[in-house]
Amino acid sequence: MLVVSLYVYAFLSEFILIYPVYALLFTDTGVSVAEVSSLFVIWAVTGMVLEIPSGAWADTVSRRLLLFLGPLLSGLGFALWVMFPSYWVFAAGFVLWGAEGALVSGAYEALAYEEMERRGQAGRYARVMGRATALGLAGSAAAIGLAAPVFAAGGYPAVGVASVLACVLCAATALTLPEHRTPAAAGGQGYLATLREGLALARADRKVLRAVLLVAFVTAVWGALEEYVPFLGEETGVAKAAIPLLILLVWVGATAGGLLAGPAERRLRGRWYGVLLALAALAMAAGALSGHPAGFVAIAVAVGAFQLAQVLADVRLQERISGPARATVTSVAGLGTNVVTLGVYAVYGTASSSLSHGTTFALVALTYLIIALIAH
């Protein structure tokens, strides 16, 4: 039941039909591009501010509770967007959505790992989380595919209702997740003590700190670059109608990487993990610099490798965490990911003003060569 519930939760959390059209809702309401950018900042800052405190809360009370509350908050935000469209309501929705991300981040991984460990199945963690990641991508793809016909049939109210329903079902799925934590582990030492313990572990234990940094950098760089794939595709000269196909190819690569996490987990320990990152960096740089649509095959392969490396980085982190503050430490990695992601956005935005997207994409991808040198 644990594994099935984790899979269903991962799929439903991304099966949100309003994702592909919410930018249209904003502009149709009269929100300017600058105001939309400010909404994204509100979203990001909310998640960053709440990331670690929510992780400590998950360690103090119930991780299942937070996994239940998170989707309800984002569902409420989507409902408000559709019913009362205006800038400040959009801002409130992004606060709720950012809070959802913070509540789920850390709690999901911690509950999954400890429940599998309790069953003597910690060795399956990489396989399960890899498949869960793949199912999340499948949920996004399905939402994008269904958004157009649902929107055509019922407009924003229809995609809003579908999104809220997915959130409610996701929350209900959280209630089916088993959680066998003792009172002492769940909160016997109190919130502040748990928070301090998690921060101390992430800072003082060198192995844990290295794992936290590895998760942050491996996850953030390719995740940020993925946002610029449409611009890279346009630069190759393909018709705009074909760009979604290039994006789909990249998504296929990411999905394959998640599915390979289980089989590859034992083979990519030590230096071979660094070799994977280095080869993927070179493949992504070559694909970006090719200036040809065929280069997206190399980019898709690289994205698959980075997705695989991301799952394995999380496995390494979970294996090194001890004590009751697992979600707190995992949330520290989540905060680090957000910070590095913002840094990549800033670097890309600055570099792309004087360099082509292909060159900028390649230079940022090559930072994985540095990560590869220290990833052991």
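What percentage of the 376 residues in the chain is buried? Buried residues, meaning those under 20% relative accessible area with a 1.4 Å probe and protein chains only, make up 51% of the chain.

This is a predicted model, in which local features need pLDDT of at least 70 and side-chain atom pairs count only at pLDDT 80 or more, while totals for chains, interfaces and linings use all residues. Residues are numbered from 1 along each chain as its sequence is written, and side-chain values use heavy atoms, with hydrogens and water left out.

Start with the whole chain as a cartoon. It shows 18 helices and zero strands; helices are DSSP runs of H or I with at least four residues, strands are runs of E with at least two, and numbering starts from the N terminus.

Next, colour the charged side chains. Select Lys and Arg as positive and Asp and Glu as negative, leaving out His and the chain ends. There are 21 positive and 20 negative side chains, and the centres of the two sets lie 12 Å apart, with each charge placed at NZ of Lys, CZ of Arg, CG of Asp or CD of Glu.

Now select residues 191–204, which form helix α9, and pick G198 within it. G198 is buried, at 0% relative accessible area. Beyond its neighbours within four places in sequence, G198 is in contact (heavy atoms within 4.5 Å) with A325, T328 and V329.

Finally, select A294 and draw a C-alpha to C-alpha distance from G198: the two are 46 Å apart in space and 96 residues apart in sequence.

Terms used:
Buried < 20%, exposed > 50% of the residue type's maximum accessible area, 1.4 Å probe, protein only.
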